[in-house]
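Open the model in your viewer and keep the selection tool at hand. The stops below go from one selection to the next.

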Amino acid sequence: MSEWAPRRFYKDATVEEAEGGFTVHLDGRPLRTPGKAALVVPSRAIAEAMAEEWRAQDEKIDPSTMPFTRTANSAIDKVATQHADVADMLAEYGDSDLLCYRADSPDMLVQRQQAQWDPLLDWAERELGARLETRQGLMHASQPEPALRVLRERTHALSPFELAAFHDLVALTGSLVLGFAATGKEHDAEEIWALSRLDESFQAELWGEDEEATEAAEIKRDAFLHAHRFFALCGTA
């Protein structure tokens with residue numbers, strides 16, 4: 001964090017225009033990233049969300065309660081400096097996408113996967129221009145290169161701030177298709193998250209919920225919803 005101190009050292013946080021976008025000032029001094037770069041974000045909406053995080057701090061500053069500031073820092077210090085590597089890493093999810101690996105039993109799970117996941121693969125073919133193929137079992141089988149190339153190009157086209165959020169949309173769901181679905185307005189974020197948890201939900205129906213697993217899943221869900229909101233605000237003036 002900029003000018004880091006364990007205790008709050010400022011009275012107010014304000015949003016200001018800056019070269020290339022918007023930033024947050026703490027008592028008139030602009031924030032900087034942990035890497036000492038100017039903390040400038042592409043939209044006022046993101047800057048406002050960051051400023052609210054800083055205003056909400058009590059006597060001690062708690063970085064865990066500042067997801068917008070944390071994602072912005074990551075976009076500038078990490079993603080922007082290795083954009084191609086991050087994009088390549090995320091694009092690889094297309095070759096092992098969660099939606100493509102199907103159970104061969106029990107029939108109820110097989111049918112549920114078909115009913116809930118097939119429409120997303122159809123959407124990817126229609127809207128993204130990439131048709132991925134399904135497989136039964138966990139053994140890896142490569143996807144068609146033309147589809148992977150399209151998905152790779154779309155991933156590389158994302159800005160550093162979009163890519164920082166996209167990382168969590170993909171990594172937390174295990175699906176490049178679900179990640180792209182979460183960047184648009186056609187699908188609800190909660191719906192996408194539920195689709196990524198289909199197998200776990202099915203097992204919970206059969207055997208009951210595991211309290212620790214449920215708590216861990218809720219933490220991931222919160223992170224996913226934050227990434228969804230951050231990505232959406234990247235395109236907000």
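Begin with Ala-18, whose bridge partner is Gly-21 in strand 2. This is a predicted model, and every stop on the tour should be read with that in mind.

**The hairpin of strands 1 and 2**

Now widen the selection to strand 1 and strand 2, residues 21–26, which pair in the antiparallel sense over six bridges. Another pair to pick out is Glu-16, standing opposite Thr-23 in strand 2. The two strands form a hairpin with two residues between them. Select Gly-20 in that turn: Gly-20 has a positive phi of about 90 degrees.

**Strand 3 and the whole sheet**

Move on to strand 3, which is antiparallel to strand 2 and joined to it by two bridges. Select His-25 to find one end of a bridge; its partner is Pro-30 in strand 3.

Between strand 2 and strand 3 is another hairpin, with two residues between the strands. Asp-27 lies in this loop. Its phi is near 50 degrees, a positive value in a residue other than glycine. Is Asp-27 buried, exposed or partly exposed? With a relative accessible area of 43%, Asp-27 is partly exposed.

For strand 2, colour the residues by accessibility: six of the six are buried, so strand 2 is largely enclosed by the rest of the structure.

Next select Lys-36, in the loop between strand 3 and helix 1. Lys-36 also has a positive phi in a residue other than glycine, here near 75 degrees. Its relative accessible area is 60%, and Lys-36 counts as exposed.

**Helix 1 and helix 2**

Select helix 1 (residues 44–55) and helix 2 (residues 67–79). Their axes are 7 Å apart, and the helices pack at an angle of about 125 degrees. Helix 1 and helix 2 are therefore oblique to each other. On the helix 1 side, the contact is made by Ile-46, Ala-49, Met-50, Glu-53 and Trp-54; on the helix 2 side, by Pro-67, Phe-68, Thr-69 and Ala-72. Coloured by type, the residues of this contact divide into seven nonpolar, one polar and one charged.

Stay with Phe-68, in helix 2. Phe-68 is buried, with a relative accessible area of 5%. Which residues does Phe-68 touch, not counting those up to four places away in sequence? The list includes Ile-46, Ala-49, Met-50 and Glu-53, and also His-226, Arg-229, Phe-230 and Leu-233. Draw a distance from Phe-68 to Phe-230: the two are 162 residues apart along the chain, and their C-alpha atoms are separated by 7.1 Å.

Go to Pro-106, in the loop between strand 4 (101–102) and helix 4 (107–128). The peptide bond from Ser-105 to Pro-106 is cis, with omega near -10 degrees.

For the last stop, select Cys-100 and Cys-234. Cys-100 counts as buried at 0% relative accessibility, and Cys-234 also counts as buried, at 11%. How many disulfides does a search of the whole structure find? The search finds zero.

Terms used. Residues numbered from 1 in each chain as written. Predicted model: local features only at pLDDT ≥ 70, side-chain atom pairs only at ≥ 80, totals over all residues. Heavy atoms only, no water. Axes fitted to C-alpha atoms, helices over the stretch in contact; angles between N-to-C directions. Helix = DSSP H or I, 4+ residues; strand = E, 2+ residues; numbered from the N terminus. Parallel < 35°, antiparallel > 145°, perpendicular 65-115°, else oblique. Contact = heavy atoms within 4.5 Å. Nonpolar A, V, L, I, M, F, W, Y, C, P; charged D, E, K, R; others polar. Pairing = 2+ DSSP bridges. Disulfide = S-S within 2.5 Å. Buried < 20%, exposed > 50% of the residue type's maximum accessible area, 1.4 Å probe, protein only.
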